[in-house]
Amino acid sequence: MTAPRLSSSTVDAPDRPDTVGILHLGPGAFHRAHQAVFTEDAGGDWGICGVTQRSATVADRLRPQDCLFTVVERGRDTTSCRVVGSIRDVLFARDEPERLRDRFTDPAVRIVSLTVTEKGYQPDSTVIGQLVAGLRARRERTGAPVTILSCDNLTGNGRVVRARVLDACGRLPDGDALGAWIEEHVRFPSTMVDRIVPATTEADRAVVRDALGVRDEAAVVAEPFRQWVIEDDFAAGRPAWETVGAQLADDVAPYEAMKLRMLNGTHSLLAYRGALAGHETIADAVADGGIAEEAAALMAHDVPPTLTVPADVDLAAYREQVLQRFANLALRHRTTQVAMDGSQKLPLRLLGTIRDRLAAGAVPVWALRAVAAWMVYVAVGEDRHGRRLPLDDPLADRLRAAVGDTREPADVVTRLLAVREIFDGELREHAVVREVLVDAVAELLSAR
């Protein structure tokens, strides 16, 4: 017998806010497992309207379910299912521009938040265009203050989105007036977000069916751990997120750098090394002793000297916690999923560490080996067993053209270092950088 679809009539739905107070661009799995949960737990009249960007898929999954969805939390030994109701509406931006405009200009909407991945912040991106158009309409209709809250893995994400928005305003006929209004009425706090959210599988949906007796097409999976550090600078109020575990801070930067370089940098190392070795998941890669040693060495030797560690953080304990989280077999976070968008992630996760260590006169061997693994992943496109590895990257064509058909280590390194969208002249021309990369690429190629 087919299970009924999840909806407010088929489950005991949680208490739900009546008013939409947050407009969220990019209500994908991470948002639903992270900010939406924090917001529901915090209470208050802060319903969310999700805006899907590239396709209507998320909207099509949520609408028949009254925007309810399940978070499947997978610990090492336990699994739980929770229905979340903080999302009250969802729309597809491309097909519903007027509804998006109405939401953006509604004074009840006091926060516009984003999870659009690193590539969503390019100066000419659709997202920046949406923000500028929305702020322009808000100024014309109501002038109500609002906060733009980025929740993506970017250094100084609040500052980045503010700069992109103001730069785009400067290209408009009324850009000076709009920019002045934004300076006075809009805030752009920075944040740091952390929770591992792998892609949902049919097995995960089956867990929901067994636990709740309903079919959920919008279920998401997450680890028990969650963290949110927020710069407390809001134009028109916010949910009481600090009462449910979020950390409010005057300066998010130290937490952000620690997470990007320790956790995300190590995640990328495990993804590329693990995928090349034929490991399907990050947990499988951590179980590979040699790869795990490289991950631990990156966090023990290359990254710590580049950090200003927050006073409330024990860095050694944080390092062990990261490896334990990655070793969670229940999550099944695919190496190829983490390997996506490498051209956007490497500068944030690894190249900053490399530059800082070089400036201090040190050679960041482990961070460079992680970059070498990415180079081999791009150049070869298959694992040690001959299985194809997808190159899912906005620069995929550019990278393939750069590498061509060469498999000579020195050529692979030279050609990929020449991709200026990723590597600057300092790294491209650094003799020690080239030497370490060529040796590591040769080692990885010979291990195939």
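**Entry one: the model.** I noted before anything else that this is a predicted model.

**Entry two: overall build.** I looked up the secondary structure. The protein chain has 19 helices and 12 strands. Next I checked how compact the chain is. Its radius of gyration is 22 Å, close to the 22 Å that the globule rule gives for 448 residues, so the chain is as compact as a globular protein of that length. I then boxed the C-alpha atoms along the principal axes. They fill roughly 60 × 60 × 45 Å.

What share of the 448 residues is buried? I found 55%. Buried here means under 20% relative accessible area. The accessible surface comes to about 17,900 Å². Carbon and sulfur atoms account for 47% of that surface.

I took contacts between residues at least 6 apart in sequence. Of these, 78% join residues at least 24 apart.

I looked up the charged side chains. There are 54 positive and 65 negative ones. The centres of the two sets lie 3 Å apart.

I zoomed in on strand 3, residues 69-74, and strand 4, residues 79-84. In which sense do strand 3 and strand 4 pair? They run antiparallel, with six bridges. Four residues sit between the two strands, and together strand 3 and strand 4 form a hairpin. I also traced one bridge: Phe69 has Val84 in strand 4 as its partner.

Key. Residues are numbered from 1 along each chain as its sequence is written. This is a predicted model: local features need pLDDT of at least 70, side-chain atom pairs count only at pLDDT 80 or more; totals for chains, interfaces and linings use all residues. Side-chain values use heavy atoms; hydrogens and water are left out. The radius of gyration is taken over C-alpha atoms; the globule rule is 2.2 Å times the number of residues to the power 0.38. Buried means under 20% relative accessible area, exposed over 50%, partly exposed in between (1.4 Å probe, protein chains only). Contact means heavy atoms within 4.5 Å. Accessible areas come from the Shrake-Rupley method with a 1.4 Å probe; for residues, only the protein chains shown count as cover. Lys and Arg count as positive and Asp and Glu as negative; His and the chain ends are not counted. The place of a charge is taken as NZ of Lys, CZ of Arg, CG of Asp or CD of Glu. Two strands pair if DSSP finds at least two bridges between them.
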